[in-house]
Amino acid sequence: MGFEHVAGVGTRIWRWSRTSGTQPRLLHAGKAAGAAALAWFVARHVPGVASDYPYYAPLGAVIAMQTTVFAGLRSGIQTLVGIALGIGVAGFTMWVGDPGVLAVALAVGIGVLVGGFRILGEGSSWVSTAALFVLLVGGAHAEGYSLGYLVQMAVGVVVGLLVNFLVFPPLHFWDAEHRIDAVNEVLADHLDGLAAVLREGKRDVAAWDKQQDRLDRAIADVRSRVSIAHESRRINPRGALRGSRARLQEDGARFRALERVAWYATDLTELVARSGPVSEGIGRPDPAFADPLARALDQIAAVIRGTSPERDADTAIAAVEQALDASRENPSHVAVTSAALVALRGIVESERRATADIDTKTGPFGSGVSQPRS
C-alpha cells in the first residue's frame with residue numbers, strides 16, 4: 001500500500017509537471033545551459049582577433065535557444081543581421097566625427113531608424129545596441145572589436161542551433177492539445193453563466209465583459225499554441241516521425257472548430273446577457289422560451305465537459321424548438337429565440353467536429369461517457 005501511495009504521488013507530480021509546462025522548461029533550461037557552456041569552450045579556441053572576445057559566444061547560444069528549432073534559426077539570423085547593420089552604423093558615425101555625445105546620439109538615432117524595418121524582427125533592437133558597443137566599447141580598436149563581436153555571436157548562434165536540433169528537438173503537439181482541451185472548460189463555464197442569466201433575468205454587463213475577455217484570451221492562447229506546434233515541426237528531425245503531420249492537421253481542425261464554438265458563444269452572450277432576452281423591451285421571452293433555453297445551455301455545457309452524452313444536448317435543443325413552434329404570438333420573442341437556436345446548434349455541431357475521433361478528457365466523447373462517434 002505504501003509503495004502504491006508513493007507511486008500515485010509520483011504519477012500526479014509527473015502529470016502536474018507536464019501540464020504546467022515544467023518539463024519542457026527544465027529541458028529547455030538544461031539545453032540552454034549546455035549550449036552556453038559549449039559555446040564558451042569553442043569561442044576560446046577561435047583563431048585570430050575574435051579569440052579576444054569569447055564572452056559573446058554564450059550570448060549568441062542563448063539567442064538561438066528558442067522554443068522551436070525554426071524560431072531559433074530565425075532569431076539567430078535576424079540578430080546577426082542586426083549586429084552587422086549596427087556595426088555599419090557605428091562605422092558611419094565614426095567616419096563623421098570622433099566618438100562623443102553627438103556621436104552617441106547619432107548612432108542611436110540612426111540605429112533606431114534602421115531597426116524600424118519589420119523584416120529585421122528580433123534583430124531590430126540589436127542595430128542600435130551593436131552600434132553603441134562598437135562606438136563605446138570598441139573605441140580605438142573598433143575594427144578588431146567589430147569582427148570579434150560578430151564572429152563570436154555567430155559561433156554562439158551555430159552552437160545553440162546545433163544543440164537545439166540534435167538534443168531532443170522540441171515538438172509542442174501535446175501542449176497545444178492540452179490547451180485545446182482546457183478551452184472546453186472555459187466554454188462550459190460561459191454557457192453555465194448564460195443559463196443563470198436566463199433564469200434570474202439579471203444583467204451584469206461588467207461581469208460579462210470580464211467573462212467574454214476570459215474566453216477571448218483562452219482562444220488566443222490556443223491559437224498561439226497551435227501555431228507554435230506547427231512551427232516546431234519545421235527543420236525538426238522528430239517532425240518526420242509517422243503521424244506527426246496528421247496529428248497537426250487534427251489539432252488545426254479541432255482549433256478551427258473551437259473558434260466557431262467561441263463565435264457562437266459570443267453571439268449567445270449578445271442575445272442573452274447584453275441586448276437579448278433579459279434586456280428591457282428587446283426580445284424578452286416569457287418562461288416558455290427562457291426555461292428551455294436555460295436547460296439547453298446547461299445540457300450543452302455538460303456535453304462539452306464530457307459528463308453527458310451528446311444526444312442529451314440534441315434533446316434539450318429539440319425542446320426549445322417545440323416551445324418556439326408552439327408560440328408565434330410575439331415576433332420579437334420568436335426572433336430572439338430563433339437566433340439563439342441557431343447559435344445552440346452551431347455550438348453542438350462545431351464541438352462535435354472538434355472532438356470527433358479524438359481521445360481527450362473533455363468533450364462529447366470524454367469522461368467515460370459511451371457515445372458512438374459520427
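How close do the axes of helix α4 (residues 69–96) and α7 come, and at what angle do they cross? They come within 10 Å and cross at roughly 175 degrees. That makes α4 roughly antiparallel to α7, a label for angles over 145 degrees, where under 35 is roughly parallel, 65 to 115 roughly perpendicular and the rest oblique. The axes here are lines fitted to C-alpha atoms, for helices over the stretch in contact, and the angles run from 0 to 180 degrees between N-to-C directions.

Before going on, a word on what you're looking at. This is a predicted model, so local features need pLDDT of at least 70 and side-chain atom pairs count only at pLDDT 80 or more, while totals for chains, interfaces and linings use all residues. Residues are numbered from 1 along each chain as its sequence is written, and side-chain values use heavy atoms, with hydrogens and water left out.

Now the overall picture. The protein has 13 helices and 0 strands, and reading along the sequence you get α-α-α-α-α-α-α-α-α-α-α-α-α. Helices (H or I, at least four residues) and strands (E, at least two) are DSSP runs, numbered from the N terminus. Of the 374 residues, 45% count as buried, meaning under 20% relative accessible area, with exposed being over 50% and partly exposed in between (1.4 Å probe, protein chains only). The accessible surface comes to about 18,800 Å², and 62% of that belongs to carbon and sulfur atoms; these areas come from the Shrake-Rupley method with a 1.4 Å probe, and for residues only the protein chains shown count as cover. Take the contacts (heavy atoms within 4.5 Å) between residues at least 6 apart in sequence: 77% of them join residues at least 24 apart.

Back to the α4 and α7 pair. On the α4 side, the contact includes Val69, Gly72, Leu73 and Gly76, and on the α7 side Ala142, Ser146, Tyr149 and Leu150 are among the residues involved. Sorted by class, the contact of α4 with α7 has 15 nonpolar, 5 polar and no charged residues. For that sorting, Ala, Val, Leu, Ile, Met, Phe, Trp, Tyr, Cys and Pro count as nonpolar, Asp, Glu, Lys and Arg as charged, and the others, Gly among them, as polar.

Helix α7 (residues 142–166) also meets helix α3 (residues 56–64), with axes that come within 6 Å and cross at roughly 40 degrees. α3 and α7 are therefore oblique to each other. Their crossing is right-handed, which is the name used if the near helix is turned clockwise from the far one by less than a right angle, left-handed being the anticlockwise case. From α3, residues including Tyr56, Ala57 and Gly60 take part, and from α7 the list includes Tyr149, Gln152 and Gly156. This contact has 11 nonpolar, 5 polar and no charged residues.

Not counting residues up to four places away in sequence, glutamine 152 touches Ala43, Val46, Ala50, Ser51, Tyr53, Pro54, Tyr56 and Ala57.

Follow α4 to its other partner here, α5. Their axes come within 9 Å and cross at roughly 145 degrees, and the crossing is right-handed. Leu85, Val89, Phe92, Thr93 and Val96 of α4 make the contact with Ala103, Leu106, Ala107, Ile110, Gly111 and Val114 of α5. The tally is 9 nonpolar, 2 polar and no charged.

In the loop between α5 (101–114) and α6 (124–138) you'll find glycine 115, buried at a relative accessible area of 9%. Leaving aside neighbours within four places in sequence, glycine 115 is in contact with Leu120, Ser124 and Val127. Its C-alpha is 7.4 Å from that of glycine 82, 33 residues apart in sequence.

At 58% relative accessibility, phenylalanine 168 counts as exposed. Its phi is near 45 degrees, a positive value in a residue other than glycine. Most residues other than glycine have a negative phi.

Leucine 268, in helix α10 (residues 244–274), is buried at 1% relative accessibility. The C-alpha atoms of leucine 268 and leucine 344 are separated by 8.1 Å, though the two are 76 residues apart along the chain. Glycine 346 lies in helix α13 (residues 331–355) and is buried too, at 8%.
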